[in-house]
There are 2 protein chains.
Amino acid sequence: MVIRYPDGKKYAALQTAPNTRKSSKSGITYSNRGMTLEEDINQTNLYYLENQVAVIHKKPTPVQIVDVHYPKRSAAVIKEAYFKQASTTDYNGVFKGRYIDFEAKETKNKTSFPLKNFHDHQIHHMKQVRSQEGICFVLLRFSTTDEVFLLDASILINYYENQEERKSLRKEDIQTHGYQVPIGYAPRLDYLQIVQSIYFA
Amino acid sequence: MVIRYPDGKKYAALQTAPNTRKSSKSGITYSNRGMTLEEDINQTNLYYLENQVAVIHKKPTPVQIVDVHYPKRSAAVIKEAYFKQASTTDYNGVFKGRYIDFEAKETKNKTSFPLKNFHDHQIHHMKQVRSQEGICFVLLRFSTTDEVFLLDASILINYYENQEERKSLRKEDIQTHGYQVPIGYAPRLDYLQIVQSIYFA
């Protein structure tokens with residue numbers, strides 16, 4: 001059964017990140033708590049879209065479809081499919097003519113961000129985007145403190161390729177090389193404010 | 001069973017366009033015949049990627065996942081899912097720092113291209129991309145003559161919004177306002193050659 005929101009949009013519980021943080025007790029909150037990083041970014045991107053700030057979308061989850069049934073008088077049903085590993089980052093789009101590309105990850109760790117959150121193919125994609133002069137970064141959230149940092153892909157790539165030294169990014173290094181993203185109501189995570197200041201200076 | 005190419009990549013028969021044209025009799029051909037427009041574009045994008053010309057990918061088919069099984073010691077299986085309508089165009093990426101966004105369609109018609117190949121949400125997305133100064137166009141193939149044209153989104157939008165006058169784009173209008181894309185071996189469809197000449201002039 002497809003569950004729908006009042007506006008007719010489908011409820012997509014299975015497509016949100018599995019590590020959903022718990023809601024606040026009241027159930028209604030205007031702070032950031034209770035939302036996953038993905039939800040915050042999706043709402044931010046919707047805000048950007050509706051206010052003509054930028055056109056940035058999350059890419060659909062890549063799925064390998066094996067078996068589809070076509071029942072009479074109703075929609076095609078996918079009966080067998082598998083999750084595929086994405087060959088790119090999750091988000092891309094356009095801001096003032098420039099290409100924007102990023103990945104978003106969160107950790108429950110307090111003092112460091114494990115590099116195992118990223119994969120070879122994502123790092124490779126980031127390098128390719130950089131070589132085409134695209135704007136490429138990661139959004140990293142420390143979920144216990146609700147802090148989000150924007151880190152240019154070049155910094156991540158450098159740490160990723162030196163994992164024999166360290167398996168994680170220290171929070172102090174993220175603070176030194178990255179930029180903290182302001183958390184608000186609308187937009188929730190105004191990462192383009194940072195993008196504007198560092199890539200359009 | 002997942003069928004794999006010799007290089008380990010999965011065979012994705014079900015994800016290619018349903019209107020696959022027949023292969024030539026020999027089974028091997030270096031001309032364009034026998035490939036769908038989607039296959040030609042994917043191979044072209046791979047060529048661009050490997051030769052560091054551009055980073056352009058097809059977005060995954062959006063799927064609404066309803067039921068997933070997690071068998072022990074094997075991959076998660078999606079047991080029920082439905083095709084969702086995409087809210088954007090199929091292809092996007094970066095070329096020399098600029099954002100590139102396009103949709104590709106083919107017709108068996110000989111003298112016109114039906115506008116029903118496009119949908120409101122795609123046209124709306126193209127307008128949004130244009131307002132962010134992204135490069136936005138469509139690739140249109142007349143499959144019976146193997147001709148492919150690049151048409152700027154502004155032209156398509158104009159015709160789309162005047163469908164009470166005509167329900168299709170006349171081929172002569174496409175030839176007048178668009179640019180024929182050279183068909184070759186590598187890359188198969190060098191649409192960025194056209195992009196370079198008209199958007200980077």
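Student: Hi! Where is the place of Thr88(B)?
Tutor: Thr88(B) sits in the loop between E3 and strand E4 (91-95) of chain B. Strands here are DSSP runs of at least two residues, helices (H or I) of at least four, numbered from the N terminus. This is a predicted model, where local features need pLDDT of at least 70, side-chain atom pairs count only at pLDDT 80 or more, and totals for chains, interfaces and linings use all residues. Residues are numbered from 1 along each chain as its sequence is written, chains are lettered from A and ligands numbered from 1 in the order written, and side-chain values use heavy atoms, without hydrogens and water.

Student: Okay, is Thr88(B) buried or exposed?
Tutor: Buried, with a relative accessible area of 6%; buried means under 20%, exposed over 50%, partly exposed in between (1.4 Å probe, protein chains only).

Student: And what is Thr88(B) in contact with, leaving aside its neighbours within four places in sequence?
Tutor: His57(A), Lys59(B), Glu103(B), Gln122(B) and His125(B), where contact means heavy atoms within 4.5 Å.

Student: Switching topic: how many residues does the contact take from chain A and from chain B?
Tutor: Chain A gives 48 residues and chain B gives 47 residues.

Student: How many salt bridges between them?
Tutor: The count is 0; a salt bridge would need a side-chain nitrogen of Lys or Arg within 4 Å of a carboxyl oxygen of Asp or Glu.

Student: Which element gives the most to the side of chain A that touches chain B?
Tutor: That is E3(A), with 7 residues. E3(A) also pairs with strand E3 (residues 77-83) of chain B, antiparallel over 4 bridges; pairing takes at least two DSSP bridges.
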